Structures are given as C-alpha cells and as structure tokens.
Amino acid sequence: MGKARQASRTVDTAGLGGAQLKAYGYLGLLALALFVLAVSGAGQTARLALGSTDQLGNTGRQKGSGRQHGLVYAAPVWITCAISLVVLAVASGVVVAAGQRRRRSLVSTGVILGTLAFLIGFFAWAARGQQASLSGILVISVGGAIPIILGSTAGVFSDRSGVLNIAIEAEFLAGAFAAAFLGSVLHSAWLGLLAGIVGGLAVGAVLAVVTLHTRVDQVVAGIVLISVVTGITGYLTEQVLDKHPGTLNSPPTLGTVQIPVLHNLPVVGEALFGQNAVFYLAVLCVVAVEVLLRKTPLGLRIRAAGENPAAAESSGVRVRRLRYLAVITSGGIAGIGGAYFAVVASGQFVAGMSSGLGYVALAAVILGGWRAAQAAAGALLFGFASSIATVFGLLNVHVPPALLLTVPYLVTIFVVAGVVTRGRAPAASGMLAD
Amino acid sequence: MSATATATPATSATEPANGGLRRVVRWLRSAHPVTLFVLSVLSGLIVSSVLIVVSTDALRLAWAHVITAPGAALGDTFRFLGDAYWALIKGAVADPRMVRRALDQPTAAAWGAALRPLSNTITAAAPLAIAGAGLAIAFRSGTFNMGAHGQIVAGAIASSWVGFSLPGLAAPLHIGLGLAAGVAGGCLAGLIPGLLKAYAGAHEVLVTIMLNYVAANFLVYLLSATFFRTGGADGAVPTGRSTVDSARLPRIFGSSIAINLGLVIAVLAVAAAAVMLNRSRLGFELQIAGASKGASRIAGISQAKVYLVALTVSGGIIGLAGAVQMLGVTGQLQTTFGGDLGYLAILVAFVGRSRPGGVALAALLYGALQSGGLSMQFATGISYQLTNVIQALIVFFVTAPALVAAIYRLLPQATRASDGAAAPATGSPGGNAGGNIAGSANGA
C-alpha cells in the first residue's frame with residue numbers, strides 16, 4: 001500500500017516535472033518577448049486609461065462624449081514592461097510552488113498569470129505614443145469570453161462524468177437559434193434565454209442517448225450532431241426566419257446590469273461588474289459546477305464515473321444515469337452560451353454564428369486542466385484572443401485583419417499541443433460508455 | 001461487413017429451417033449493413049420531409065385544418081413532397097424529357113443538356129470521393145482528421161499558384177505539376193497536426209478543426225493582400241488570379257458534356273487508397289493501429305509514425321481533392337473556396353464506413369444531393385440548405401446503427417456482438433476505447 005502510493009507519487013511528480021519545465025520555457029519566452037518590447041519602445045510613453053470609458057482608447061482626444069474618469073496611467077513603455085517582468089517572476093514562483101505541493105492546477109494558474117502580465121506589457125508597447133483604454137480592452141475581452149466560459153464549464157461537467165462533449169458547438173447553435181426565434185415570438189429576452197437553455201438541453205439529450213444508449217463513438221457522435229444541428233438551423237433560418245426577419249428573428253436584447261459600487265473600480269470595474277446578465281449567470285454556472293464537482297457527494301460520484309466507471313459501478317454508483325444527467329445538464333449550460341449570441345451579442349440568429357467557439361471552449365477545458373474555474377480563466381484568454389482583431393484595429397499594430405482573425409485558433413492549437421501546460425483528462429473520458 | 005458473413009451461419013444454425021421465403025424475410029429484417037444503410041437514408045428523408053412540412057407556409061396551413069379536411073392536408077403534402085423529391089432526382093440524374101429529346105435528335109448539344117444533371121453530380125462527387133478516400137485512411141488508422149477543409153484549401157492554394165504562375169507549359173506537364181502541388185500543399189497541412197499529435201500529444205480533432213479556420217482566414221489574407229489577388233476595386237470581394245488554360249482539367253467525354261478529368265483522378269485516388277490500405281504493409285500497420293493501440297504496440301508499430309503517416313498521407317490525398325476542385329471547377333481562388341466540401345467529405349467518409357469503395361458510393365450519393373438540391377430549390381422554392389439537412393441526417397442514422405435497428409425493430413442476428421445492439425454489453429467499460437471510429441466500429 002505504502003509502496004504503491006510512493007510509486008504513484010514519483011510517477012506523478014515526474015509528470016509534473018515535465019509540465020513545470022514546459023511552463024518555465026513558456027514563461028521564459030514571454031519574458032524574452034517583454035524584454036524585446038521594452039527595448040524597442042524604450043524612448044516612448046504609453047498612456048493607459050484605467051477608468052471606464054465609452055470608447056476604446058483615445059479618451060483624451062475624443063469629443064468628450066464618453067464618461068471619463070480621470071485615472072490615466074502614463075509611464076514609459078519600459079517601466080510597464082519591467083513591472084510585467086516582475087509579475088512574470090511571481091508567476092514562475094507559483095510554478096515552483098506547484099512542484100513543491102505537487103499541484104498541477106497551480107501550474108495552470110502560474111501560466112495564466114504570466115500570460116496576463118505579458119499582455120499588459122504588450123498593450124503598453126502597442127499603445128506607445130498614444131492612449132489606450134485598458135478597461136475598454138477588458139470589456140471587449142470579457143464580452144467575447146462569455147460563451148467560451150459557458151462552453152468550457154459545460155465541457156468540464158460532461159468530461160468529468162466520462163463523456164467527451166465535442167458537440168458544444170451544436171449546443172451553441174441550437175441555443176442561439178431557439179433563443180432568437182422564441183425570444184422574437186414571445187417578445188422577451190429572458191424567455192429567449194430560457195429557450196436557449198432548452199435548445200441546449202435538447203441537443204445534450206440527443207448526445208446522451210446516442211453515446212450512452214446506442215454507444216456511438218463520442219467523437220463521431222459529436223461531429224455528426226454538429227453537422228445535423230448546423231444543417232437544420234441553417235435550413236430553418238433561410239426558409240423561415242429570413243422570410244420574416246422583423247417578427248421571427250429580432251429578439252429583444254439584454255442590457256447591462258451594473259453592480260452598484262463595484263463597477264466604478266478602475267480597470268476591472270466595467271468589465272466584471274458592469275456586464276450583461278448572462279455574464280453573471282456564467283460566473284454562477286462556473287461556481288456551481290466547481291462546488292458541485294468538488295464539494296458534494298454527487299460531484300464525487302460524477303468524478304468517479306469519469307475516472308473509473310467499473311469501480312464506481314461496483315460501489316453502487318449508477319454510472320450511466322449520472323452520465324445522462326451530466327451530459328444533458330452540460331447541454332443546458334452550453335445552451336446559455338448559445339443564447340448569448342442571439343439575445344446579447346447580436347440580437348439575431350445567423351447560420352453558423354458561433355464560428356467554432358464551441359471547439360475553442362474545448363481547448364479552454366484542456367488549458368484549465370478539467371477544472372471549471374481554471375477553464376473559465378483560460379476562456380478569458382481566448383476571449384481576449386478572439387476580440388484581438390477589434391482591439392488591434394484601434395491600437396498601434398499593423399497586421400492584416402485576416403491574419404489577426406487566425407489568432408484565437410492559433411492560440412488554441414498552441415494550448416492543445418500542451419506547449420504551455422496540460423492537466424490530466426478524466427481517465428474514462430472518450431471511451432465507449434458501459 | 002465481412003464479419004457479418006461469419007456471424008450469419010452461426011446464428012442460422014441455431015434456428016430451425018423454415019423454408020426459403022421465411023429466411024429471405026428474416027434476412028431482410030435483420031440488421032444487415034445494406035438494410036441499415038437504406039433505412040438510414042429513408043429515415044433521413046422522413047425527418048427532412050417533416051421539416052419541409054413544418055417550414056412551408058402552404059402546408060402548415062393545410063395541416064392546421066387537418067381535422068376538417070384531412071384528405072386535403074395529406075394530398076397537398078404528398079403532392080408537394082413528390083414534386084420536391086422528383087425535382088431532386090431530375091436534378092441529380094437526368095430529366096426524362098430531356099433524354100427523350102436527345103434520343104429523338106441525337107446531337108452533342110442535346111446529349112450535353114440531357115446529361116447535365118448527371119455531369120453535375122459527378123463533378124460534385126469527384127472531389128468528395130478523393131477527399132473521402134483520404135479521410136478513410138486517417139479514420140482507419142484511428143486518427144480523426146477533421147481538417148479536410150483546411151487541407152483542401154492548402155492544396156488549392158498550392159495548385160492555384162502553379163496554375164497561374166507558369167504560363168506556356170505543355171498541358172499534361174502543367175496539369176501534373178498543378179496536381180502534385182495540391183498534394184504537397186495538403187501534405188503540409190496534414191503534417192502539422194501529425195507532428196503535434198505524434199510529439200506533443202495534441203488531440204488531432206481540435207488541431208485540425210482550428211487549422212480549418214486558420215486556412216480559411218489565411219486564404220482571405222492571400223487574396224486580399226498578396227500577389228494572389230487579381231487587380232480590382234478595393235471594395236470588391238477579392239478573388240484570385242485565373243488559372244492558365246494549360247492547367248485546366250480537360251473534359252473527357254467531348255466538349256459538350258461537362259465531365260472533366262477529375263472523374264479519372266477520383267477513380268485512381270480511390271483505387272490507390274484501397275490498395276494502400278488493404279494490400280500494403282504500411283496500410284496493414286495503420287489498420288492494426290486503428291483497430292487496437294495495444295496490439296499495434298505489441299507488434300512493434302511506432303504510434304508516432306502511425307499518426308505522422310496517417311495524417312500526412314490523408315492530407316496529401318485531400319489536397320489533391322482541392323487541386324481537382326481548383327483546376328477542374330472554379331479555375332480561381334475565392335475567399336469562400338472549398339465551401340462545404342471539406343465538411344461534406346467527413347460525412348461521406350462516415351457514411352462510406354471509412355472504406356474507399358463505400359466512400360466512392362457515398363460521394364456519388366452526396367454529389368447527387370448537391371446537384372439535385374439546386375434543381376429542387378428552382379422547382380419548389382425549398383431552400384438549398386435542405387440538402388445539408390438530408391446529408392447530415394443520413395450520416396446521423398448511418399453512424400448510429402443501433403438506433404436505426406431499434407427504430408425499425410430489426411432482428412439483431414446479423415450484427416456483431418461488439419456493436420452493442422446484439423448483446424447487452426457487459427464487458428469492461430472502455431475496453432475498445434481510443435481508436436474506435438465510424439468504420440472500424442463495425443468490422444475488420
């Protein structure tokens with residue numbers, strides 16, 4: 001017993017050592033990049049607006065239409081980069097601590113912290129000689145991250161029970177379609193949101209039946225389900241919604257909800273406490289899934305079903321029933337993310353509107369090491385990556401827009417390749433269910 | 001499939017012989033792959049018919065009065081659906097009237113017009129069959145190559161470059177170079193996920209799907225900001241430079257029938273994929289790896305090599321599909337080049353159960369739906385998007401044989417125990433995990 005435990009521990013730390021090395025390499029690269037940025041922007045000053053603004057950047061030079069808070073942080077680029085380097089050092093410290101405490105999740109934390117530090121330095125460089133609004137950038141990034149957060153939470157929940165949910169993209173589309181259609185018919189954004197959840201639940205239920213009852217390979221089932229939902233929503237959009245866009249495809253949208261005092265906080269206030277209702281719902285989902293999985297007996301059973309279904313079954317856990325529960329619930333969570341596209345982001349349904357973010361959410365699951373909270377933090381990075389084209393268009397960066405649009409996908413590949421860090425997938429995830 | 005043959009005698013031995021007719025009925029009602037396939041197509045058509053009824057105003061109105069006038073509702077529905085599917089068939093195979101006219105006045109032009117639907121089908125099916133054959137190699141090796149779109153785009157970019165930048169070459173040489181460039185481009189696009197899977201353990205599904213988006217955006221970049229674009233107004237949708245005539249695939253049945261060399265290339269590609277999979281040492285190794293990772297490890301097959309070879313070879317063949325589409329159909333790059341091709345190829349490979357022969361037949365079916373869908377839209381106003389629905393539903397039912405068997409209460413005899421339909425699986429969970437994919441779940 002003791003020997004076995006010792007053996008497993010050495011194996012574990014050996015794996016962690018590799019992950020640590022990778023993390024050090026990654027953080028080192030970031031530090032090097034920051035150093036280059038600091039040198040290249042040496043003589044210049046960047047003004048980063050920290051208060052809330054209506055416009056992204058250029059608060060000072062705008063006609064004054066936006067609300068302006070006087071908080072502007074102006075410093076030479078190299079100083080900001082130096083501060084970021086210090087934070088990077090702290091991040092490496094976290095990775096060291098991960099090795100000492102044998103906690104994989106700390107590696108993820110360190111990597112995400114380091115990436116954020118790098119981004120701040122990068123913005124200072126990109127905004128050299130002008131002014132950029134950090135809070136504006138954050139608002140856009142967090143907004144772009146909302147569906148990814150929900151998708152990754154859904155992915156974590158389903159994966160942890162042992163069913164790989166590739167069909168998040170399908171749940172997004174079904175949720176968005178249902179939300180746009182029923183939201184328009186019922187003239188209510190909230191009912192639209194509810195319809196989105198139901199749409200996601202429906203797809204989740206089909207996925208559950210197909211993978212658990214008829215035992216189709218989980219990846220095949222996911223891919224096929226995505227094609228079915230893409231086809232049906234695309235057809236119904238062209239055949240029905242587009243013929244009466246005014247009455248069938250223009251749901252009311254949810255406005256922002258500002259949390260009293262907190263939304264006045266500099267930098268993060270607007271992004272975290274002045275968001276739309278779906279963002280708060282997403283945070284709630286993350287917390288709920290995290291608590292459910294880690295702190296409740298039900299969560300323990302779900303994780304057991306995902307790690308070792310045979311053992312779980314023999315100790316009285318009804319694996320298949322739990323998996324049904326997890327996959328269908330996961331569909332509902334992803335359905336909220338789908339509804340976000342329709343009743344918050346664009347106020348209509350467009351065929352294929354989730355544009356692969358369902359897959360990006362899967363990458364966030366991997367980046368977060370199959371933990372809801374870390375996956376959500378990873379989703380924030382992807383949210384930034386997917387809004388990068390908007391952000392860079394307003395900053396001092398001259399890259400063709402079509403290439404900027406590839407950034408979220410390249411970041412995903414980067415993450416999936418485990419260049420940075422990777423947790424361990426639930427052992428039974430992706431296998432044919434019993 | 002091949003396993004069905006071995007399973008049947010065993011079961012019929014336990015059954016009392018009840019005469020030939022009874023046996024035929026039994027056979028028809030059993031979950032034979034052909035039966036399953038026909039029923040899958042049928043189910044797909046039924047579900048899409050329901051969608052048509054729900055989404056067509058006139059029919060919905062008729063069904064609203066189904067209590068008072070049930071005959072009208074049913075009659076309208078059958079007439080409408082009949083018209084729709086007849087238009088689909090006319091647009092996919094041939095219009096009998098046009099054939100009769102061509103028989104009366106057998107001119108080249110009349111035959112060209114009569115066979116236009118069929119040639120549209122074949123033109124649509126050729127790249128699907130090539131890409132599907134490439135995907136079959138990947139799927140049979142246990143790698144989920146979802147990157148057909150990206151590999152098609154990569155192949156097309158490379159072949160387009162050769163196609164427009166080398167004027168004055170002899171046609172056979174130019175075409176050969178263009179196709180080879182397509183293969184090279186596809187190989188490169190397949191090599192990236194292959195390397196990442198083999199040496200970094202990156203899940204190929206995510207990497208290849210992400211590469212699809214990267215390739216699509218990279219294509220837009222090429223067409224809008226580099227020498228690939230044709231000179232045009234800034235506001236216009238960017239298009240690529242036209243391929244020189246010497247690189248265009250020639251028509252093979254005379255100039256009036258629009259079937260080009262792509263058909264020959266497709267047949268050769270499918271045959272090559274079949275030979276490679278079934279008759280070569282490499283194909284054997286790939287299939288072992290696809291069937292069981294454990295067995296292939298014991299047999300000393302390097303898993304890294306399998307990933308690399310499977311993804312690169314399948315990428316190369318899929319790149320060839322991009323080249324055929326480029327040099328044979330569009331002639332120039334557009335920002336939306338490839339369209340649904342890559343995605344349909346995946347469905348085709350699933351429907352063909354990852355066997356080159358099956359893939360070729362599935363490609364014909366999907367090509368027919370592609371070309372028939374357009375004529376259905378002209379004839380009845382049903383959106384062309386319906387073909388996507390039918391195609392997706394067919395693959396949905398084909399990949400879930402147990403579901404179809406349950407819906408139609410098929411007798412489970414002819415299915416294998418490992419299918420899950422026959423025996424209530426009591427085996428160890430995840431016993432056949434990992435490389436289990438559409439094709440290999442059901443045979444070999």
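**Exercise 1. Which residue in S3(A) is the bridge partner of Ala49(A)?**

Before the solution, note that this is a predicted model, in which local features need pLDDT of at least 70 and side-chain atom pairs count only at pLDDT 80 or more, whereas totals for chains, interfaces and linings use all residues. Residues are numbered from 1 along each chain as its sequence is written, chains are lettered from A and ligands numbered from 1 in the order in which they are written, and side-chain values use heavy atoms, with hydrogens and water left out.

*Solution.* Start with the elements: helices (H or I, at least four residues) and strands (E, at least two) are DSSP runs, numbered from the N terminus, and two strands pair if DSSP finds at least two bridges between them. Strand S1 of chain A pairs with strand S3 (residues 131-133) of chain A in the parallel sense, over three bridges. Within S3(A), the partner of Ala49(A) is Ser133(A). Next, turn to the other pairing of S1 (residues 45-49): five bridges join this strand to S2 (residues 72-76) of chain A, and the two run antiparallel. Here Leu48(A) has Tyr73(A) in S2(A) as its bridge partner.

**Exercise 2. Find the residues that make the nonpolar surface patch, and say which helices they come from.**

*Solution.* A patch is made of residues with over 30% relative accessible area and no salt bridge, where like charges are joined within 9 Å and nonpolar side chains (Val, Leu, Ile, Met, Phe, Trp, Tyr) within 5 Å; accessible areas come from the Shrake-Rupley method with a 1.4 Å probe, and for residues only the protein chains shown count as cover. Leu182(A), Val185(A), Leu186(A), Leu191(A) and Leu194(A) make a patch of about 400 Å². The elements giving two or more residues to this patch are helices H5 (168-186) and H6 (189-213) of chain A, and H5(A) gives the largest share, three residues. Finally, take Leu186(A), which is found in helix H5 of chain A: its relative accessibility is 44%, so Leu186(A) counts as partly exposed, given that buried means under 20% relative accessible area, exposed over 50%, and partly exposed in between (1.4 Å probe, protein chains only).

**Exercise 3. Compare two aromatic pairs, Phe177(A) with Phe349(A) and Phe218(B) with Tyr221(B).**

*Solution.* Rings of Phe, Tyr and Trp (its six-membered ring) pair if their centres lie within 6.5 Å, and planes under 30 degrees apart count as stacked, over 60 as edge-to-face and the rest as tilted. A search of the whole structure finds 18 such pairs over all chains. Phe177(A) and Phe349(A) form an edge-to-face pair, with 5.3 Å from centre to centre and 90° between the planes. Phe177(A) lies in helix H5 of chain A and Phe349(A) in the loop between helix H13 (319-346) and helix H14 (357-367) of chain A, so the pair ties together parts that are 172 residues apart in sequence. Both Phe177(A) and Phe349(A) are buried.

The pair of Phe218(B) and Tyr221(B) is tilted, at 6.0 Å centre to centre and 35° between the planes. Both residues lie in helix H11 (residues 204-225) of chain B, three residues apart, or about one turn of the helix. Phe218(B) has 36% relative accessibility and therefore counts as partly exposed.

How values were computed: Salt bridge = Lys/Arg side-chain N within 4 Å of Asp/Glu carboxyl O.
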